[in-house]
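Keep the sequence and the 3D view open as you read.

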Amino acid sequence: MKSTVSIASAIIIALTSCNGRNKASQSTAHLVLQQEHPAEGDVSVLGTTADRSLDLTRWAMNFSTETDPDTANIIQLLPEITYQEIDGFGAAITGSTAYNLMKMKAEDRCKFLKETFSHSDGYGMNYIRVCIGCSDFSLSEYTCCDTEGIENFALTTEETDYVIPILKEILQYNPGIKIMASPWTAPRWMKVKNLGSKKPYNSWTGGHLSPDHYQEYATYFTLWIKAFNEQGIDIYAMTPQNEPLNPGNSASMVMTWEEQRDFIKSALGPKFLAEGIDTKIYVFDHNYNYDNLPDQQGYPLKIYADEEASRYIAGAAYHNYGGNLNELNAIHAANPTKELIFSESTAGDWNDGSNLSKRLVDDMEQITLGTVNRWCRGAIIWNLMLDSNRGPNRPGGCTTGFGAVDIEDDYNTIRRNSFYYIMAQMSAAVQPGAVRIATEGYQTEGLTYSAFLNPDGSRALVLSNRNNEDIYTTVSDTIHHFPVTVPANGIISLWWN
């Protein structure tokens, strides 16, 4: 490294003697960075490390004044080679999340939402997911039409008192935010236990959508989208069923690829077209391994193969509770005209989800950088906020999960978990409408990165380092170059004009 590089020296100071650092020394590290790096400079930087010596810490640096970059470890951005457009990154506003947020003092809630969603005054998260009816993180089991007959459709207090008010507050800070919606179950009177049965299946768990109710269920989605639109909330995308191969959640419904294909082409797609609804439809919304069901492998591709159904479908959504994320590459290669989105992951006791030393870089590799580098237009994680008891949650659903943040019983003290950090690091640098661009050059074990061209012409580069030592590299965009230190067990986001 060259002695003229200010960012490297500052990070080295901040990360010296990482082992055994106490809170006082962490604060000192932050002060060093803030003193040596003013808010303004050629390159904006945001960094987080597993030991929180960098804790969404901001600073700035300048381009190198040397004529030629150090080519030994250079990462070269190639903005002329573009891949997919980026929609954004964020978290789900479940009923439980909205409830917890509404329990906060208004000024505390506004501060948190502004910090989370504002582009100018926060991290700019810009993609959220909401539930159509209940989920395992709701205040009760319900749909918006529990009384038989589609004429009985109506939003419930969970939407009107919690979810919609929170969405309206978020829209104040980020009017362009994108919203994806997913149902966990159809109204029970539309369900049958097994296809071919005519008897309603009066259970929140499992069952199938009766083909006799395809048209009414399509109307149900249309009414729900319009009801939110009347509140000033546009629904950008939706999936016909969350986890369609999982019959065991507290609220759930099985929808095989054949069922989803038939529902979309015979009811949902034509209904949206007739009503002028441009909400994108993403199929599947489940695991990379298709829950190891042989006849469900390649679920989205089988639906795409039906020309009539395919015309209504934007792409496919995936979760990571089973299988390998390389399935995204396989699906893209088989049909590159369709989009991909990563729509859900949960941290919890099973993966030590609140431990940054185990989760931070791994989550970056698996959920954000890993999915984007495999053609996803963005990533959304489950539950922006849960309380200290992992809820509110529903019996039979997930009871051992964490939110992106957890809030204590005082509804004031917030602990950021790994998911919050990885989404903030992406959103701060990568604008909605950005395109992923090619890179060439430096590769080393444990270093993962992705580059982007933002709509305003700025460049962005996000890097993660799973090694126990810093990694030194030089970044070049053919016009400017500058050395960068990627901190040990950490993430760094850079953006510049």
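Which residue is the bridge partner of Asn-465 in E24? The partner is Gly-490. Before going on, some ground rules: this is a predicted model, where local features need pLDDT of at least 70 and side-chain atom pairs count only at pLDDT 80 or more, while totals for chains, interfaces and linings use all residues. Residues are numbered from 1 along each chain as its sequence is written, and side-chain values use heavy atoms, with hydrogens and water left out.

The bridge between Asn-465 and Gly-490 belongs to strands E21 (residues 459-465) and E24 (residues 490-496), which pair in the antiparallel sense over seven bridges. Helices (H or I, at least four residues) and strands (E, at least two) are DSSP runs numbered from the N terminus, and two strands pair if DSSP finds at least two bridges between them.

Zoom out and you get an open sheet of nine strands, ordered E2-E1-E24-E21-E20-E19-E3-E22-E23, with mixed pairing. Strand E2 (55-61) and strand E23 (481-486) stand at the edges with a single partner strand each, so one side of each has no neighbour in the sheet. From one strand to the next, the twist averages 30°.

Two helices pack on this sheet. Helix H11 (residues 356-372) touches E1, E3, E19, E20, E21 and E24, and its direction makes about 140° with that of E21. Helix H12 (residues 418-429) touches E1, E2, E20, E21 and E24, at about 15° to the direction of E24. Contact here means heavy atoms within 4.5 Å; axes are lines fitted to C-alpha atoms, for helices over the stretch in contact, and angles run from 0 to 180 degrees between N-to-C directions.

Now look at E23. Strand E22 (residues 471-476) runs antiparallel to E23, joined by six bridges, and one of the bridge pairs is Thr-473 with Val-484. The two strands form a hairpin with four residues between them, and Thr-478 in the turn has a positive phi of about 80°.

Is E23 mostly covered or mostly open? Mostly covered: six of its six residues are buried, where buried means under 20% relative accessible area, exposed over 50% and partly exposed in between (1.4 Å probe, protein chains only). In a regular strand the side chains alternate between the two faces of the sheet. Here His-481, Pro-483 and Thr-485 point one way, and Phe-482, Val-484 and Val-486 the other.

Phe-482 also forms an edge-to-face aromatic pair with Trp-496, 5.0 Å centre to centre and with 85° between the planes. Rings of Phe, Tyr and Trp (its six-membered ring) pair if their centres lie within 6.5 Å; planes under 30 degrees apart count as stacked, over 60 as edge-to-face and the rest as tilted.

**The eight-stranded sheet**

The other sheet is open too, with eight strands in the order E4-E14-E12-E11-E10-E9-E6-E5 and parallel pairing. Its edges are E4 (88-91) and E5 (127-132), each with a single partner strand, so one side of each is left without a neighbour in the sheet. Within the sheet, E11 (residues 315-319) and E12 (residues 339-344) pair in the parallel sense over five bridges, and His-319 has Glu-344 as its bridge partner in E12. H11 packs on this sheet as well, touching E4, E12 and E14, at about 165° to the direction of E14.

Arg-377 is found in strand E14 (residues 376-381). Residues that Arg-377 touches include Glu-85, Asp-87, Tyr-236 and Glu-339.

**Accessibility at a glance**

| Residue | Relative accessibility | Class |
|---|---|---|
| Phe-482 | 1% | buried |
| Trp-496 | 2% | buried |
| Arg-377 | 12% | buried |
| Ala-333 | 59% | exposed |

Ala-333 lies in helix H10 (residues 327-334).

Notes: Lists of a residue's contacts leave out its neighbours within four places in sequence.
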